[in-house]
Amino acid sequence: FYFSLINPTNIAQSLLGSLKAEPSSKLSSVVELSYRDEVPRRAEDILNQLISAYDQSSINEKDKLAGNTLAFVEERLNIVAHDLDSIEKKVQQYKSGRGAVDVSAQGQLFLQNVSTNDQKLSEVNMQLSVLNQVQKFVTDKDNNRAIGPSTLGVSDPMLSQLMDRLYTSELEYEKLKKTVGENNPNLVAISDQINKIKPNILQNIQSQQQSLNAIKQNLFATNGNYNTMLQSVPQKERQLLDISREQETKRNIYAFLLQKKEESELSYASTVPDHRVVDDALAGSEPVSPKKLVVYLAALVACSGFCFSIILIRESLTGKVLYRHEVESRTTIPII
């Protein structure tokens, strides 16, 4: 028994030489993996472990993304929960100090309309905040390929797709950068792909920001009209409406964030790879190399050539007359 200590990078390079991955057909999404090795069981183990490591890598990437989203939601929840607690105490103190218990039907209608607008305005502000974070991440050249910010709350699915492509490309860039040089064609191709994705993301963000700012101005104008209507409500009732309006808005935001948190936790807990294994690695019953028939034919040809060469050498070195044509080629005398 013996063992040797070898650099894992060198072993990986030697293993890649025997590994073959190709699609089953041009339009198929199935990849066929094969590995040639002197030991069939070792080839099976290498392929199965390779697939297992790929599955785990995919799960880890999804866990990082889900964890980033969950952390963002929890941070927002803590802020909104603190604001909501302060507002509820403020309502309690106002009602107990001013004797305000109920509001008129007109005030209720105003509260409902303004609360709806404020919720929309809060959602617009949240989307603008997320877009600003994404824009800063894309334009920041010193982000060290960090995990991208969450696009939670942004209604455009195209931005999420572009961010997923950017995140995947940058992750692939970092993995490949550890094993190849900076001028490697594959590394340069991935870098070019990243540089093409970023302008599309920035253009998408700019378009959404313009649309959201227009919506924001419209909501401000609508709320201005409602505030004008509020002037007709008695002073005490109006103050209560202001506090209740802020309370209702924070409640809606809190409920929305709780829902998103539950969705993120479910996504985090049920992470599965995007692919599945059709068949486990299985070695064939017969060796694929070398071919017996080819080896036998080569041995027969080599043996025949060797024997023929020996005979020619012996005849050329014998110094004797062996055949009639040797005499005929050197004289004109008839031979009997």
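**Note on the predicted model**

1. Just after α7, the backbone at Gly319 adopts a positive phi of about 75 degrees.

2. As to overall architecture, the protein chain comprises eight helices and two strands. Read from the N terminus, the order of the elements is α-β-β-α-α-α-α-α-α-α.

3. Within this arrangement, helix α6 covers residues 235-269 and contains Thr249. The relative accessibility of Thr249 is 9%; because buried means under 20%, Thr249 counts as buried. Leaving aside residues up to four places away in sequence, the contacts of Thr249 are with Ser115, Asp118 and Gln119.

4. For the protein chain as a whole, 25% of the 336 residues are buried. The accessible surface amounts to about 23700 Å², and carbon and sulfur atoms contribute 55% of that area.

5. The contact pattern may be summarised by sequence separation. Among contacts in the protein chain with a separation of 6 or more, 71% join residues 24 or more positions apart.

Notes:
Residues are numbered from 1 along each chain as its sequence is written. This is a predicted model: local features need pLDDT of at least 70, side-chain atom pairs count only at pLDDT 80 or more; totals for chains, interfaces and linings use all residues. Side-chain values use heavy atoms; hydrogens and water are left out. Helices (H or I, at least four residues) and strands (E, at least two) are DSSP runs, numbered from the N terminus. Buried means under 20% relative accessible area, exposed over 50%, partly exposed in between (1.4 Å probe, protein chains only). Contact means heavy atoms within 4.5 Å. Accessible areas come from the Shrake-Rupley method with a 1.4 Å probe; for residues, only the protein chains shown count as cover.
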